[in-house]
Amino acid sequence: MTDNIYMPYLMKVEKITWEAPDVKTFMLKFVNDEDQNNFNFKAGQFGEYSVYGTGESTFCIASSPTRKGYIECTFRQTGKVTNALAGCEEGSIIGFRGPYGNIFPIDEWKGKNLLFIAGGIALPPMRCVIWNALDMRDNFRDVTIIYGARSVKDLVYKYELEDWERRKDVKLITTVDPGGESPDWKGEIGFVPTIVEKAAPSSDDTIAIVCGPPVMIKYTFPVLAKLGFTDENIFTTLENRMKCGFGKCGRCNVGKVYVCKDGPVFTLAQLKELPDEY
Amino acid sequence: MNIERRYVRNGSLEKLYEIIKANSRTVIGPSTRNGKISFKRIENYKELTTDYIQTTQSSKETAFPRTEKILDYSKNAGSISVRGTDPNEIPDIVLWGVRPCDTMGVGELSAIFNWDSKDEIYNHRLSHVTVLGFSCSKADEYCFCTSVGGNPGNTEGSDILFTKTGENDDYLAEIMTDKGLQLVSLASELFEKDSNVDKAKNIADVPVRFDREQVSQKLEKFFDNEQWVEQSLKCLGCGACAYVCPTCACFDIQDEAHGRSGSRVRCWDSCGFSLFTLHTSGHNPREVQSQRWRQRIMHKFSYMPDRLSVYGCTGCGRCSRACPADMNILEHLISIQEAIV
């Protein structure tokens, strides 16, 4: 058979980073050089990661397409497959199919300000596009990142947060939910929507990218509207249970829209057209 | 190609079967066991059931088996070897005695498996199947093919369609494709010149009960309609409707491990199951049965026509026959068409 669309690439777990309790990042390298050479993806896309004998699980590619030679994924141990992944060691071989889905239209954002707003484990899908933008920094004006988690220990990519904090060309605001702060916490304390309102970033010629748990998203959109952001300038990603990643297995659709094919990246204007089924 | 019409005498069908077997093709056809008629591998012509309205299961399994191996893997000392499905394992099949509502379903399944990326596992299986359709000379109250673009003598999806004639139970054979011609060439003496059989006179009368385009249009503004709750009150979420459906293609992907080796399989699933869309977080976008029932109808009569230009229903009526709670899709579709929105 020529093309088996379900056949994963073999990937070697090159490096494992503990991000937060139950959250790990894998740096993955293609076992076969030819696969590596033929592989291309863009910010916003996702894949099916698998442990042979356990199964497949869907999450984004968390590294930037500007970083060649590897991909990264960040996952929280919650289900069967993520638990099996967590049991992998450096050197383990896993499967990866992808890339699937649409992209953040980063080329269309050139010359604009970028405002990233993320909550908890939803920084990974955004980290891809953040690094993509920072690796071509001259193309954008102000870059602001507002990131919050339940507690200090739940913040992921702490080493990169420090990096962004130090950079003069990035404005980083971190926050934790009330009660989640540690004694030496120097960031904000408060829920993400509140902190966005307080920071009051300008909506003038600005693209807002928002990823987070549903409740954070729900309360952040009205704040952005108040700040003058139009629905067309607010981007987010949807996630739904998936099996195939290419519009056949039949479960990720929201009305007519397939999250795996038409998404996962949507503008708020597009979201408002969808039925309440996500 | 042009349709070729031929005349096949009743006694010749058994001869055709023997010639097919002699050419080492696998024959799969309807056979009765424990009062149920299902498609099975036929080893002897007498095992074929000829007098039936509908098999319990559709014939989709020949191209879309309920469990399809995607790959085999084996783990040895830190490395893994993975092997895809071997095309040589896929046999040449003659699918015998398929009703037009199942042959029509082939086009709908193919649309799902080939829009955007091509599912070559499915395509490869299908390319090895020669479909011998048999028109329906009778129907029951569950049949509604004429409401969804089909009819009891529909040639769509058949390589050869046989229609029983009134005279001596002989058959009209309509040869539709090169695959059909190829089969005929093995036994050309059995396919006599057509003596102008009146096909329409020899097929069942299935009245048109609704208009699928009208249903589709109605569904555009039907997402929040209260009918979904009403219609699905009886639904047990057992998924039987999806398993017997000739066009339901939703699937799951699972790993089956046996020690250090195993397989990854693609297996039938159903949008009627509560776990179908459940997130690991516990969130479920289709939390209650009415939302799942809505998905089933919307997918077949709104999303598929919109995205793939085909409907996901051939009017075979199996879902209604199989439903343990006696839900009837025909009644539901009529009431959607008649609803005032």
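**Contact between two chains**

In this predicted model, the contact draws on 42 residues from chain A and 52 residues from chain B.

Q: What buried area do chain A and chain B share between them?
A: The two chains bury about 3,900 Å², with 55% of it on carbon and sulfur atoms. The size of an interface is often given as the accessible area lost when the parts come together.

Q: Why is the pair D252(B) and K243(A) called a salt bridge?
A: The closest N and O atoms of D252(B) and K243(A) are 2.8 Å apart. A salt bridge needs a side-chain nitrogen of Lys or Arg within 4 Å of a carboxyl oxygen of Asp or Glu, so the pair qualifies. The count between chain A and chain B is 8 salt bridges.

Q: Which strands of chain A each supply at least two residues of the side that touches chain B?
A: They are β3 (46-51), β4 (55-60), β6 (93-100) and β14 (257-258). The residues on that side of chain A divide into 16 nonpolar, 12 polar and 14 charged.

Q: Why does T55(B) count as buried?
A: Its relative accessibility is 3%. Buried means under 20%, so T55(B) falls in that class. T55(B) lies in the loop between β3 (36-41) and β4 (67-76) of chain B.

Terms used
Residues numbered from 1 in each chain as written. Chains lettered and ligands numbered in written order. Predicted model: local features only at pLDDT ≥ 70, side-chain atom pairs only at ≥ 80, totals over all residues. Heavy atoms only, no water. Contact = heavy atoms within 4.5 Å. Buried area = accessible area lost by both parts, 1.4 Å probe. Helix = DSSP H or I, 4+ residues; strand = E, 2+ residues; numbered from the N terminus. Nonpolar A, V, L, I, M, F, W, Y, C, P; charged D, E, K, R; others polar. Buried < 20%, exposed > 50% of the residue type's maximum accessible area, 1.4 Å probe, protein only.
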